[in-house]
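I opened the model to look up strands, core and chain contact. My entries follow in the order in which I made them.

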Amino acid sequence: MTPTIQAIAVPVLLNLAYVQPMTLDSSTAMSIVMKGCESRPTAMFNAQRPNSATLALDWLEFGTAALPNAQPLTAEERASINDFFWSQFQ
Amino acid sequence: MIGDFSRYATIIPEEHQPALQRNLTRIPDFSWLLSEPHPSLERLQGDLIKKFPTVFLDDSATPRSRDFTVMLLNNTCDLPDERLDFVTAAPVVDFQKYLEFERPRRTAESLRAYADSIRRNDKTELLYLPKFDEFENGALVLLHMVCSVSARVYKRALTAQKRIASFTQTGFYFSLIKLTTHIARAEATEVVRS
């Protein structure tokens, strides 16, 4: 592949590989299933990002800002919720 | 609380920012999280489905199966038939029943503080949901207890109209915050990988 063709073809192929038009498959008027969404994480928000890593970091930062006091369960709390969960099987 | 919301314009569309910002200031009121099942879109990430078969391995690796209300964790774009062989489901339990279970283990004050932290969604493993369906006092999605179930089971559940709630638009963003905070928060600085 010559450099010129490569310069054109590679972006096109990448585009075809990762960007699919979002369509709807409607079996009935009230039953629609999303079809062919983009596989890139940026697709959901239609944002053009240089890379998905920064998108993930944005989510992390946003989550920290929205829930500044978020903490994992303590050992006692974990034992408690797990005991409760397993008690549902009795 | 979040100050300059425009910093997050790349992950939250501008038109959704005012509603999300307004709703985040209402915490611990989470009445904005859920709605009736979406009237036209049949398969959405976060949908809540009742009487859904689940299975978990106990301490002796024995499979334990039971029907739970579940929250579907799969991305909406992975839910069409040709993208789907298994769904990932997180069980949902009754919040009030859990508090009753916990009551003998704590003082009244300790229980109240614990319940408040759960209601504020400050526990990363637990997604607190407000009242819906049979859960009169709210419910907890156990994000640390997920399982995989055949997509055929999921499709049969949809056919049987077992879908009981969907996340609202702003509620969906919040569910992503919870999933991110639980699964993808930063590792400790002591973790050094080769």
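Entry 1, an enclosed strand. I looked up strand β8 (residues 163-167) of chain B, where four of the five residues are buried, so the strand is largely enclosed by the rest of the structure. I took buried to mean 20 or more other C-beta atoms within 10 Å of the residue's own, with 12 or fewer for exposed, partly exposed in between, and C-beta atoms placed from the backbone. Helices (H or I, at least four residues) and strands (E, at least two) are DSSP runs numbered from the N terminus. The model is predicted: local features need pLDDT of at least 70, side-chain atom pairs count only at pLDDT 80 or more, and totals for chains, interfaces and linings use all residues. Residues are numbered from 1 along each chain as its sequence is written, and chains are lettered from A and ligands numbered from 1 in the order in which they are written.

Entry 2, partners of β8(B). Two strands pair if DSSP finds at least two bridges between them. I found strand β1 (residues 34-35) of chain B antiparallel to β8(B) over two bridges, with B:Ser35 bridged to B:Ser166. β2(B) also runs antiparallel to β8(B), joined by two bridges; here B:Ile49 stands opposite B:Arg163.

Strand β2 (residues 48-57) of chain B pairs with β3(B) in the antiparallel sense over eight bridges. B:Leu57 has B:Pro63 as its bridge partner. Five residues lie between the two strands of this hairpin, and B:Ala61 in the turn has a positive phi of about 65 degrees. I then followed β3(B) to β4(B), an antiparallel pair with four bridges, in which B:Met71 is the bridge partner of B:Ala90.

Which residues touch the most other members of the largest nonpolar core? I got B:Val70, B:Val92, B:Leu140, B:Val141 and B:Leu142, out of 48 residues. Such a core is a set of buried Ala, Val, Leu, Ile, Met, Phe, Trp, Tyr and Cys residues joined through C-beta atoms within 7 Å. B:Val70 is in contact (C-beta atoms, placed from the backbone, within 7 Å) with residues beyond four places in sequence, including B:Ile49, B:Phe52 and B:Val92.

I counted 35 residues from chain B and 33 residues from chain A. On the side of chain B, β3 (63-72), α2 (95-102) and α5 (169-183) each give two or more residues, and α5(B) gives the most, with four residues.

Terms used:
Contact = placed C-beta atoms within 7 Å.
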